Amino acid sequence: MAYAIDEDLVAIVPDIFDHGVESFTVELTRSEGDIQRRIKADWWSISHDPTNFDKTKLIASEWKRATIYHALAYYILPRLSNFQADDTFQRQMTFYKERYHEEFSAVLAAGISYDLDGDGVYESGEVDFIKERLYR
Amino acid sequence: MANSKRKLILDDVVAKLKTIKSPRLGKVSTKPEDFQRLARTSYPFVGIEITDETKEDIAREWRLATMTVDISVHLDGKKKTTDVQTQMSNIIEAIEEKLEADRTRDKNAQLTELVTVGDMQETAFPTIKQTMTVSIQYTYNKGNT
């Protein structure tokens, strides 16, 4: 299941499809991959064997907002921007980059769910809480 | 309150142009745009504007209106290269075909007629622009424009 789809983007930026682009699925998919890579690097690899990381054991909905913010900041808005002075898309990039980092840290603090035994149930021992704020 | 005929006609023009997939169009809009703030993906940008409208009585309760609509295509760039000219002519052709497919504008008009296709121009934005002028005739009864 995808972490975020076009309709989720519209909920955050209602006019995102007013710029001649019909879908941002490619950008959202890229961001999903980037976020999974960061989860693996910043959380899983701290106390687990990196080769055992299974992204399908995460909960997609936990990472929806982080995926949207990441896609906006790193892929969608740069695609729209004409990179001229006073370009509104560049200002939005900065805004969503901050939102992305805040959201990522907030998810870790609220508890990252990982179905370690693969039984489809997220028991209390399969939710990990990380309190420090991670910024990159 | 029901939409006016002129709005329905304009909406139909926008909706039909938005269905053009090849050649690719960017943003299709009836609103004036600040070109400095347009997204790169908005090009080729198509601006639609009513430039003139005349009306005459054809019966006690009925009027005939003729709306002149400018459809301007903007390509991002400064120079009229051969590629730009080819791209522009393909877009103009696609728009013309799309408008001709239903000249009644979804049963809201009597006739849609392409009147002129202007010269390709370099603008200050900078874009390469070409404008098609379309005449659309429609009738309406008293007060319901």
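Let's start in chain A, with two helices in contact. On the α3(A) side are Arg65(A), Ala66(A), Tyr69(A), His70(A), Leu72(A), Ala73(A), Leu77(A), Pro78(A) and Leu80(A). They meet a set in α4(A): Phe89(A), Gln92(A), Met93(A), Tyr96(A), Lys97(A), Arg99(A), Tyr100(A), Glu103(A), Phe104(A) and Val107(A). Sorted by class, this contact of α3(A) with α4(A) has 13 nonpolar, 2 polar and 4 charged residues.

One caution before I go on. This is a predicted model.

Now the geometry of that pair. Helix α3 of chain A covers residues 64–80, and helix α4 of chain A covers residues 88–110. Their axes come within 8 Å. They cross at roughly 160 degrees. Angles over 145 degrees count as roughly antiparallel, so α3(A) is roughly antiparallel to α4(A). The crossing of the two, α3(A) and α4(A), is left-handed.

What sits in the loop between α3 and α4 of chain A? Phe83(A) does. Look at its backbone. Phe83(A) has a positive phi, about 55 degrees, and it is not a glycine. Is Phe83(A) buried or exposed? It counts as exposed, because it has 9 C-beta neighbours inside 10 Å, and the cut-off for exposed is 12 or fewer.

Over to chain B. Here I want to talk about strands, and about β6(B) in particular. Strand β6 of chain B spans residues 127–141. Let's take its partners in turn.

Start with β3(B), residues 62–76. It runs antiparallel to β6(B), and 15 bridges join the two. If you want a place to look, find Ala65(B), which stands opposite Tyr138(B) in β6(B).

Next is β4(B), residues 111–117. How many bridges join β4(B) to β6(B)? There are 6, and again the strands run antiparallel. Glu113(B) has Ser135(B) as its bridge partner in β6(B).

Then β5(B), residues 121–122. It is joined to β6(B) by 2 bridges, also antiparallel. Gln121(B) pairs with Lys129(B) of β6(B). A hairpin takes the chain from β5(B) to β6(B) through 4 residues.

A general point while you have the strands on screen. In a regular strand, side chains alternate between the two faces of the sheet.

Stay on the β5 to β6 loop of chain B for a moment. Pro126(B) lies there.

Pro23(B) is in the loop between α1 (5–18) and β1 (28–29) of chain B.

One more backbone feature in chain B. Asp106(B) has a positive phi of about 60 degrees, and it is not a glycine. You will find Asp106(B) in the loop between α2 (82–101) and β4 of chain B. Asp106(B) counts as partly exposed, because 13 other C-beta atoms lie within 10 Å.

Last, the two chains together.

To recap: a left-handed crossing of α3(A) and α4(A), and β6(B) joined to β3(B) by 15 bridges.

Technical notes: Residues numbered from 1 in each chain as written. Chains lettered and ligands numbered in written order. Predicted model: local features only at pLDDT ≥ 70, side-chain atom pairs only at ≥ 80, totals over all residues. Pairing = 2+ DSSP bridges. Axes fitted to C-alpha atoms, helices over the stretch in contact; angles between N-to-C directions. Parallel < 35°, antiparallel > 145°, perpendicular 65-115°, else oblique. Left-handed = near helix turned anticlockwise from the far one by under 90°. Contact = placed C-beta atoms within 7 Å. Nonpolar A, V, L, I, M, F, W, Y, C, P; charged D, E, K, R; others polar. Buried ≥ 20, exposed ≤ 12 C-beta atoms within 10 Å, placed from the backbone.
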